[in-house]
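Biologist: I'd like to learn how to read a model like this one. Could you walk me through it, feature by feature?

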Amino acid sequence: MTLLPAVAAAGVLLAACGAKGGPPQSSTNASNGPPTRGGSATFAEVPGDQPDYIFPIDPAVDQTVANSSDFQALMWRPLIWEGNGQSTGIDHTKSLVSSVKYSDGSKRVTVTLKPFKWSDGTPVTSRDVEFDFNLLKANKKSWAMYTPGDMPDNVTAFKIVSTHTFQLTLDAAYSHLWFTNNQLSALIPLPQHAWDKTSASGKVGNYDTSTAGARKVFSFLSHQGGHLPTLASNPLWKVVDGPWTLSAYTTGGRATFVPNKHYSGSDKPHLSQFVELPFTTDTAEFNVLRAGGQIDVGYLPTQDSKESRVLESVGYTLKPWIISSIWYMIPNLTNPKVGKVLSQLYIRQAIEHVVPQKSIIANILQGYGYPEYGPVPLKPTSNLVSPQERKPFYPFSISDAESLLRSHGWKVNPNGTDVCAKGGAGSGHCGAGVPSGFKLALNLLYSTGNQGLTLETEDVKSEAAKAGITLNLQGGPVNSVFAQTAPCPTSCNWQLGEYGSLTYPSGLPTGSGLWTKGGGLNAGSWNDPTTQRLINATLHDSSLQTFYRYENYIAKQLPWIWLANVDGSLAEVNSKLHGFSENVYYALTPEDWYYTK
Amino acid sequence: MLAFLVRRVVQAVVVLIGVLIITFALIHLEPGSPARAALGTQATPSAIAHFNKVNGLDAGVVSQFFSYVGRLLHGNLGYSFVQSQSVARLIGQALPKDLILVGFATLIALIIGIPAGLYQAVRRNTIGDFSLQGVAFVLYAMPPFFLGLILLAIFAIAVPILPPEAPQSTNALQILAHPLGLVLPTLTLAGISLAAFTQFMRSSSIDNLAQDYIRTAQAMGLPRRQILVRHLMMNSLIPVVTLLGLTLPAVVGGALIVEEVFNYPGMGLLFYHAALDHDYPVLLGFTLFVGVAVVVGNMLADIVYAVLDPRVRLD
């Protein structure tokens, strides 16, 4: 699966990781009585991220939280529902599978579905899963979540065993944790009996069983899925198995849902209506929140985080919404000028030593953040965080940074710029490719779209200067920074890049695609056989120790510089609304929301 | 008049071609690419190549320009690959909002500003003049977002008699069906324009008051009302008409800040997001639209000059 790079463009971050079961961690408003049936609730969309694609196989251009987590998932349930409130792992109530069994040395997976029905009364069957699988297989390059070698490439055969049971034969033995959480979660049963056609007026057939047919079906459905004026009226999208159905939609992104009366799950909606509201900016959303009454679940923009008491006075409760994400600064290891310098581990360690995470969290993030010491976020709480990664390998210390540089042949000039005194390789020297006289001045390209990120970057620059590391800040619009922070030779001129955060879509945060050779997000061109081997091991071995080995190695090697992590969102919830829980993958579950008498 | 119009239309076409060439060149000089913006950093080179091919972005800039002009001549403004809608549709949704908002705001500003400026000129250096002058300066100096937030804080939060956001429909009739939602954004915009109109009218009227024809009219014993309205006001309106002509591009260009504050996604935000997202077709369509509005606005101003002042000959 590919990962979602998210940019803090509007004070709220885009999408989200992990693995364990258990009951949902309720962080809901205290209930004063039994739920009542009925009522309406509204949800504030993130500015610039409105739902605009309904077909639940997203192309890259439409792969957004607003589409996949906040829109499509309300209508079409995946096999595996990732996230259980503020806990990583699987929510078995919302998942469509009743069991997943591995056999044949973990090369065969047998999945049994719950007895669900589509909204038109037809049962949800193995054939519906096969339909989804066939569409993915024939159109994988058009699917945003596709990573070569992963689903559907790693499935060599799909066999329908019975109406509710199917079997996948895999090309290798995989970690159960990874395959269930990262691969099965990507499969979404689709109503073959209603969607397997190539035109609006065409008859339903079994077109998906041939590659050419599946391509035609996909083309038809994806075109229909992006046709905004008919999203709420197109009969295709009326066949759902999720708890909600779309009743109205405006092209500006306002989406109104009503309960699917035939929903088979036990988590049936209490509300009679759920509405998603678009906003032009954080300011507009905050203004409406302050006026009270129009938004039931909104968010407090990070720049307004001191205003939570104001919102409390108009009936809101603040609920920090933790998303499994990581924040980082990427060193460009192939930059012609500084690539050799940044390739030195001690240089990256020195930079990590000058990141004042604790003070950033306290002073800039107003406490709505937490430290980050490696590739697995410390929050939400998960057993995937190794005991070693719970503490910093390279804690904030200007003197440690200076010592590292001195011991590697640098003349340290606090509040000036350090100069390499002993160039070249060898013990006590600056390192291979770093000549004598080289000044430790690095350009840091960063996104100016988020106030918190800007302040954090300026703080790091200030602390780095104390150790004689000069960071020349180059701010730019988020998309521009995004585009420039790409692997060489596509983009070579940037030296250090920082555009926001990355969230793991679901399951095991393996690092595949991040630090593997040619990985889509490996912008700094990290190329290390040990990393590759350790990542591969996590895909095929379920043991936590294997995962920890990968995690600790990456945390210490610093392919990216770890920065303080930010709470995904500061949710503001109408105090009269109950049942709201902050899913760690940003999924919305309004079917659990309710009012009391 | 006909020769004037023909001449101005030819000039307009030349200006618009210039605007298109400059916009096209500037957009392509910007770092980043629409494919990266649309597909994200994880996009593979083959996905980017496919995207560029599908959207005609793999050809040279000159070739892309002529393709665009060709489509334009067939009435096709292009298709936004970021928003998955035609540019014409996007503009069609956003434009009525600004026509209503900026249109009403301008109307209010004119209705209040013209008599206020006239009053200030006639009552120059009186308490009334000083008071209105003070209000005008304060409004003129105030950033729109600040005025908007103050109005919100008073009328939507402290004394909640008006909604904190503008009507949310994309349909003009439905927007007009919720007039209360339009009050605060309209007043915010009107407040800023009002100051400009008042000051232009005041200064122009003061100049005209010193003219011989006013003294002649007074000496002839014409009624005061007739002197003020028919002679003074009509002649003093010419600079206001210039200002009004310059307002037309703002009507179609939107009011970004007010749109942001009052959650009213119009032309301003359409352009702003298109610029951030490298949404070339929208940027070009918008620029063309505003370019046309500038040309038409100036042309209308010239025509109104001739109506107001018979000495002006368009030919």
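This is a predicted model: local features need pLDDT of at least 70, side-chain atom pairs count only at pLDDT 80 or more; totals for chains, interfaces and linings use all residues.

Biologist: How many residues of domain 1 of chain B are in contact with domain 2 of chain B?

Modeller: 19 residues of domain 1 touch 19 residues of domain 2 in chain B. On the domain 1 side of that contact, the classes are 13 nonpolar, four polar and two charged residues.

Biologist: Next, cores. Which residues have the most contacts inside the largest nonpolar core?

Modeller: The general idea first: in soluble globular proteins, nonpolar side chains tend to be buried together. Here the largest nonpolar core has 232 residues, and those with the most contacts inside it are A:Tyr328, A:Ala350, A:Val354, A:Ile561 and B:Leu270. Helix H5 (residues 87-122) of chain B gives the largest share, twelve residues.

Biologist: Where does this core lie relative to domain 1 and domain 2 of chain B?

Modeller: Between them, because domain 1 (1-31 + 278-315) and domain 2 (90-207 + 236-277) of chain B both give residues to this core. Take B:Leu270: leaving aside neighbours within four places in sequence, B:Leu270 is in contact with B:Leu90, B:Ala94, B:Val282 and B:Phe286.

Biologist: Now a sheet. What is the strand order in the open sheet of four strands in chain A?

Modeller: Strands of a sheet pair through backbone hydrogen bonds, either parallel or antiparallel. In chain A, the order of this open sheet is S6-S7-S9-S8, with antiparallel pairing. Strand S6 (97-103) and strand S8 (155-162) of chain A sit at the edges, each pairing on one side only. From one strand to the next, the twist averages 20°.

Biologist: How many bridges join strand S7 and strand S9 of chain A?

Modeller: Five bridges, in the antiparallel sense, link S7 (residues 108-113) and S9 (residues 165-170) of chain A. A:Thr110, for instance, has A:Gln167 in S9(A) as its bridge partner.

Biologist: Which helix lies across S7, S8 and S9 of chain A?

Modeller: That's helix H2 (residues 126-138) of chain A, running at about 160° to S8(A).

Terms used: Residues are numbered from 1 along each chain as its sequence is written. Chains are lettered from A and ligands numbered from 1 in the order in which they are written. Two strands pair if DSSP finds at least two bridges between them. Helices (H or I, at least four residues) and strands (E, at least two) are DSSP runs, numbered from the N terminus. Axes are lines fitted to C-alpha atoms, for helices over the stretch in contact, and angles run from 0 to 180 degrees between N-to-C directions. Two residues are in contact if their C-beta atoms, placed from the backbone, lie within 7 Å. Ala, Val, Leu, Ile, Met, Phe, Trp, Tyr, Cys and Pro count as nonpolar, Asp, Glu, Lys and Arg as charged, and the others, Gly among them, as polar. A nonpolar core is a set of buried Ala, Val, Leu, Ile, Met, Phe, Trp, Tyr and Cys residues joined through C-beta atoms within 7 Å. A residue is buried if 20 or more other C-beta atoms lie within 10 Å of its own, exposed if 12 or fewer, and partly exposed in between; C-beta atoms are placed from the backbone. Domain bounds come from an automatic or database domain assignment.
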